[in-house]
Amino acid sequence: MGILMAGIDHSIAPIDIRTVFSFTKRSTEEAYAWLKQVKGIEGCVLISTCNRMELYLSTGEEFEGDVFDLLCGLRGLSRQLAQEYRSYFRIRQEREAVHHLFRLAGGLESRILGDDQIITQVKDAFTFAREHYAADHVLETLFRQAITAAKKVKTSDELSPSDQSVVRTAIRTLKEEGFTFEGKTCMVIGNGVMGKLAATQLQQQGADVTVTVRQYRSGVVEIPRHCSRIDYGRRMDLFDRCDYVLSATVSPNYTLTKELVAQCRSSAAEKAALTASKHGEAVFSDDGKVCQPKPVVLIDLAVPRDIDPGIAELEGVRLYDIDCFREEAVSEAQKKAIADAEACFAEQMEEFFDWYECVDVIPRIQSIKEQAAIDLENRLTKKLRALPMEETEKATLREDIESAAERMMNKLLFGLRGNISEAAFRECIAGLEKVYKENGKPYVREDNDRQP
């Protein structure tokens, strides 16, 4: 029995490497179907975001595989390529893996400290694994504990002094570089969670924002308030009028290619030249080139990339990808908040390991509780028969007695576990199993004990 994880993230791998190991919902579903067939894998949860990919496994003693090799197999990589990529991965197990998940869910491993989105991403990944029957009871308990701890940490104002996300950091970074948004024309490609957040933030900065929607959804998809919409297929009709174009989709293909943008800007330049000539204005710049359309800033927040990096070679185009937006500085108040978060994680982790280290004896504990309830009822059978009650009332009373006995034993056993060593606790379990046996067989309630 063990907990293993393999992960790749923005701190050690550039975007093109992360792209190789990114998973869509469909490929994640396929991964679960394949992983569940691997001998020794009891459960799995895969987290894939724009900044990271992490696979968590719950394994039995018969598991003899390598988590990294499994991931390379899922991506169809050759052995040579796999070896080239290994240095970008971090392999963790047991307490180290658990600690990392707690930090991840709490936003301590994010590009943006206290990132608002990561806890939702972790929760969604866990939910998706449950829906596909991939997460076993160990990972279910682990992820619930991590998400609970992360919610406690998110109440810290110092850790995240305001709503944090890569979108807000991108806007702040661009403003620091001298860009402005008031009155500017912006197009957001993608209407998912990231796209909606981007459109809302740009609109709040005073920009005129248009969001792309797919044609077959154009009549039903909701877009952020005060934003316009345009069919995705007509995005280039608006492109040459934009000051900013931000793309954040889950598409495996480019939403903007170099050829498409070059053609659009060339057409825009020709139109500008034609208009200028009609008005008697200069058609050529000082270097003899046809006047270019206005500059445009492209912001790519997707992994895999949405925007062809070759576009950056075009004149008048400024391209930023998600790796351009980082927050390195940590204030003293944030350092204290991180320490407080770690203390919270440590408490929740110990609670998890108290359970995890004895997870193999839980079926035995359940059996002891059931035998204790039967033992108690057997001792009360004669008294129950003598009670002046209807049989339905007696049956209800028996069930209440059994339930109370199980709750009492549950409190006793797990309370005991918290106050003695694991070895001593296991000895107690073994002793109780002997107590609740007669001649090597457990007590069995006879049917006639139920009769009046």
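Good morning. By class, the lining of the largest pocket comprises 20 nonpolar, 16 polar and seven charged residues. Here Ala, Val, Leu, Ile, Met, Phe, Trp, Tyr, Cys and Pro count as nonpolar, Asp, Glu, Lys and Arg as charged, and the others, Gly among them, as polar. The model is predicted, so local features need pLDDT of at least 70 and side-chain atom pairs count only at pLDDT 80 or more, while totals for chains, interfaces and linings use all residues. Residues are numbered from 1 along each chain as its sequence is written, and side-chain values use heavy atoms, with hydrogens and water left out.

The volume of this pocket is about 1,500 Å³. A pocket is an open set of points on a 1 Å grid over the protein atoms alone, where a 1.4 Å probe fits, with protein on both sides within 12 Å along at least five of seven lines; lining residues have an atom within 4 Å of a point. The volume is the space filled by probe spheres set on the points, which are joined across faces, edges and corners.

Of the 43 lining residues, Lys25, Gly192, Val193, Thr249 and Val250 are the closest to the pocket centre. Helix α6 gives the most to the lining, seven residues. Helices (H or I, at least four residues) and strands (E, at least two) are DSSP runs, numbered from the N terminus.

I turn now to Gln117. This residue lies in the loop between α5 (94-105) and α6, and is buried at 13% relative accessible area (under 20%, 1.4 Å probe, protein chains only). Beyond its neighbours within four places in sequence, Gln117 contacts Ser165, Val193, Met194 and Leu197 (heavy atoms within 4.5 Å).

Methods:
Buried means under 20% relative accessible area, exposed over 50%, partly exposed in between (1.4 Å probe, protein chains only).
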